[in-house]
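Trainee: Could you walk me through this structure one step at a time? I would like to learn how to read it.

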Amino acid sequence: AKVVFNDLWIQSGENLIDYTLKMTDDWLLKRRPAFLSIDMDVFSWPYAIGTSQSWPIGLSPEQFYPLYLFLLKRLDVRVLG
């Protein structure tokens, strides 16, 4: 499992795809079957109303969507949660 933390990404000043690649080292270089789990709590409160946590500095869909498409290209996603 690989976890990318929002606060550390923000502090890095990098775009989300580059930061994710850096944090996962070579893990995303090899295509493999994967279970991709996206925690809705990562989104800012206006975009994820009703989740267990509400964060003012979470991601917007515009920030997340390019990473989502990137992960779908790199991984053989069999299950999305």
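Mentor: Let's begin with a term: buried means under 20% relative accessible area, exposed means over 50%, and partly exposed is in between, using a 1.4 Å probe and protein chains only. This is a predicted model, where local features need pLDDT of at least 70, side-chain atom pairs count only at pLDDT 80 or more, and totals for chains, interfaces and linings use all residues. Residues are numbered from 1 along each chain as its sequence is written, and side-chain values use heavy atoms, leaving out hydrogens and water.

Trainee: Is threonine 20 buried or exposed?

Mentor: Find threonine 20 in helix H2; helices (H or I, at least four residues) and strands (E, at least two) are DSSP runs, numbered from the N terminus. Threonine 20 touches Val4, Leu28 and Leu67, not counting residues up to four places away in sequence, where contact means heavy atoms within 4.5 Å. Its relative accessible area is 5%, so threonine 20 is buried.

Trainee: Which residues of H2 are buried?

Mentor: What covers them includes helix H1 (6-12) and H3. The buried residues of H2 are Leu16, Tyr19, Thr20 and Thr24.

Trainee: Within what arc do the buried residues of H2 fall?

Mentor: The arc is that of the directions from the helix axis to the C-beta atoms. Seen down the axis of H2, the buried residues line one face of the helix, because they fall within an arc of 120 degrees.

Trainee: Which residues have the most contacts inside the largest nonpolar core?

Mentor: A nonpolar core is a set of buried Ala, Val, Leu, Ile, Met, Phe, Trp, Tyr and Cys residues joined through side-chain atoms within 4.5 Å. The largest one here has 15 residues, and those with the most contacts inside it are Leu59, Phe64, Leu67 and Leu71.

Trainee: Which element gives the most to this core?

Mentor: Helix H2 (16-24), strand E1 (33-36) and helix H3 (61-74) each supply at least two of the core's residues. With five residues, the one that gives the most is H3.

Trainee: On which side of H3 are its buried residues?

Mentor: The buried residues of H3 are Phe64, Leu67, Tyr68, Phe70 and Leu71. They cover an arc of only 165 degrees around the axis, so they are on the same side of H3.

Trainee: Which exposed residues does the face turned away carry?

Mentor: The buried residues of H3 pack against H2, E1 and E2. On the face of H3 turned away from its buried side, the exposed residues are Glu62 and Lys73.

Trainee: Which residue in E2 is the bridge partner of proline 33?

Mentor: E1 and strand E2 (residues 76-80) run parallel and are joined by four bridges; two strands pair if DSSP finds at least two bridges between them. On E1, proline 33 belongs to the uncovered face with Phe35, while Ala34 and Leu36 form the covered one. The partner of proline 33 in E2 is aspartate 76.

Trainee: Is serine 60 buried or exposed?

Mentor: Serine 60 has its place in the loop between E1 and H3. It touches Phe43 and Tyr47, not counting residues up to four places away in sequence. At 12% relative accessibility, serine 60 counts as buried.

Trainee: And glycine 50, is that buried or exposed?

Mentor: Glycine 50 also lies in the loop between E1 and H3. With a relative accessible area of 75%, glycine 50 is exposed.
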